[in-house]
Amino acid sequence: MDEDLDAFKKGWITRTEYEDISTRFARWVQNVSLFIKDRYKPDLLMFYEPQIDHEEHAYLLTDPRQPSYSDKKAKTYAARIRWAYQLADHTVGKTLQSLGENDKLFVVSDHGMEPMHTGLSPNYELKKHGLLVLKKNGEIDLNRTKSYAVASGTMAHVYINLKGSKKGGIVSKQDYGNVQQEVAKIFSSVRDPRILASKSKLAGFYLSDWWQGITNGHSSWSTTKETVSSLYDTVKNDPARPYESVIKAQSKKSEWFHHPHAGDVTLVAARGYMMDSDISSSFHAPSELRNHGGNPERSDLRPVLLAYGKDIPHKKVSRRLSLIDIAPTLYRMMNVPAPFFVDGKEIKELVP
């Protein structure tokens, strides 16, 4: 799929040829999976189709601050994404038709998506303030570095190079709190003074996105509050805070990131910003038009979970769920004890 999309972007194949290749691949995955279901009758069958993910990463152009944005290009790109959803809809329809009386279908996405207009370089900020030092070959010099960031999508974890727990650690336990506080202060102070779109364009984007959330049933008080705040900042011309949340490991919010490998400071990018490993500037063009991760309260970042079949009630689950809750739920549905290493909790609304 990546190679086919790259071939289209380079002009080696037409859009029609690209869609034909992708459609044949999707149909092949679907047909083989349903053949396995009918012939071998497995207790659990999983298959994946990547078209929506590929198209949105490459073509979701909705924010006027995105590089090379224009209304015409946005309309063209929207049609490409619509094609991907139609392809996925066909697969779901065929799968539904194949279900037996006791079969159940789960449709799951691993993440939502947001438009990206700017790349962030957390390691550049650390280097600028003397907390991160590079070798001549560009690698991080752990013998002289107090902290460094590992970035992914719209989040980054900043690790303090603590003596005794990190290879080449130089920060003492007594100095840990001071370094952590300095890191938090650095990222809380970063502002983006650039003007990437007119007030009218931005206001139209925020209102359109908010209204689309209402019509799709994804609106909430938090999304409305976010829209109002964004409109207020636009009118005031206040510089944006690209690092929306700066969370120290000991704070109450750190329960979101309770994994033992999480950073000493967790960074969550504001909407439209994504983190990367670049160390040349604070702000630059993003590597993709769309990305994921970040604050799960934002409706665009929420993944999809649809469950259908016998004994599954027709209702909407309003409380927060996690993707890791799906595995124990499936074990329960199959009356198989979940292995000790399976995290998450059963979704009670599906297995009463």
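Mentor: Start with two helices: α1 and α3 cross in a right-handed way. Keep in mind that this is a predicted model.

Trainee: What describes a pair of packed helices?
Mentor: The angle between their axes and the distance between the axes describe the pair. For α1 (residues 2–9) and α3 (residues 51–59), the axes come within 11 Å. They cross at roughly 35 degrees.

Trainee: Which residues make the contact between α1 and α3?
Mentor: From α1 come D2, L5, F8 and K9. From α3 come H54, E55, A58 and Y59. The residues of this contact divide into four nonpolar, one polar and three charged.

Trainee: Why is R65 called buried?
Mentor: Its relative accessible area is 15%. Buried means under 20%. So R65 is buried.

Trainee: Where does R65 lie?
Mentor: R65 sits in the loop between α3 and α4 (71–98). Leaving aside neighbours within four places in sequence, R65 is in contact with H117, L196, A197, L202, F205 and Y206.

Trainee: What makes the pairing of R65 with D63 a polar contact?
Mentor: The side chains of R65 and D63 are joined at 2.8 Å. The cut-off for the N or O atoms is within 3.5 Å. The side chains of R65 and Y206 also form a polar contact, at 3.3 Å. That value meets the cut-off within 3.5 Å too.

Trainee: Why does G100 count as partly exposed?
Mentor: Its relative accessibility is 34%. Buried means under 20%, exposed means over 50%, and partly exposed is in between. Therefore G100 counts as partly exposed. G100 lies in the loop between α4 and β1 (104–108). The C-alpha atoms of G100 and S121 are separated by 51 Å, and the two residues are 21 apart along the chain.

Trainee: Why is D311 called exposed?
Mentor: Its relative accessible area is 62%. Exposed means over 50%. So D311 is exposed. D311 belongs to the loop between β11 (305–309) and α9 (326–333).

Trainee: Where is N335, and is N335 buried or exposed?
Mentor: N335 is found in the segment after α9. Its relative accessible area is 69%, so N335 is exposed.

Trainee: What makes a group of residues a nonpolar core?
Mentor: The members are buried residues of the listed kinds, joined through side-chain atoms within 4.5 Å. The largest such core here has 26 residues. L126, V158, V183, F187 and L267 have the most contacts inside it.

Trainee: Which elements give two or more residues to this core?
Mentor: They are β4 (147–152), β5 (155–160), α6 (176–189), β7 (265–269) and β8 (273–275). The largest share, five residues, comes from α6. There is also a second, separate core of 18 residues, which includes I13, A74, Y77 and A84.

Trainee: What does F187 touch?
Mentor: Not counting residues up to four places away in sequence, F187 touches P122, E125, L126, V158, Y243, V246 and L267.

Trainee: How many helices and strands does the protein have?
Mentor: The protein has nine helices and eleven strands. Buried residues make up 40% of its 352 residues.

Terms used. Residues numbered from 1 in each chain as written. Predicted model: local features only at pLDDT ≥ 70, side-chain atom pairs only at ≥ 80, totals over all residues. Heavy atoms only, no water. Buried < 20%, exposed > 50% of the residue type's maximum accessible area, 1.4 Å probe, protein only. Helix = DSSP H or I, 4+ residues; strand = E, 2+ residues; numbered from the N terminus. Contact = heavy atoms within 4.5 Å. Axes fitted to C-alpha atoms, helices over the stretch in contact; angles between N-to-C directions. Left-handed = near helix turned anticlockwise from the far one by under 90°. Nonpolar A, V, L, I, M, F, W, Y, C, P; charged D, E, K, R; others polar. Polar contact = N/O pair within 3.5 Å; in protein donor to acceptor, adjacent residues only side chain to side chain.
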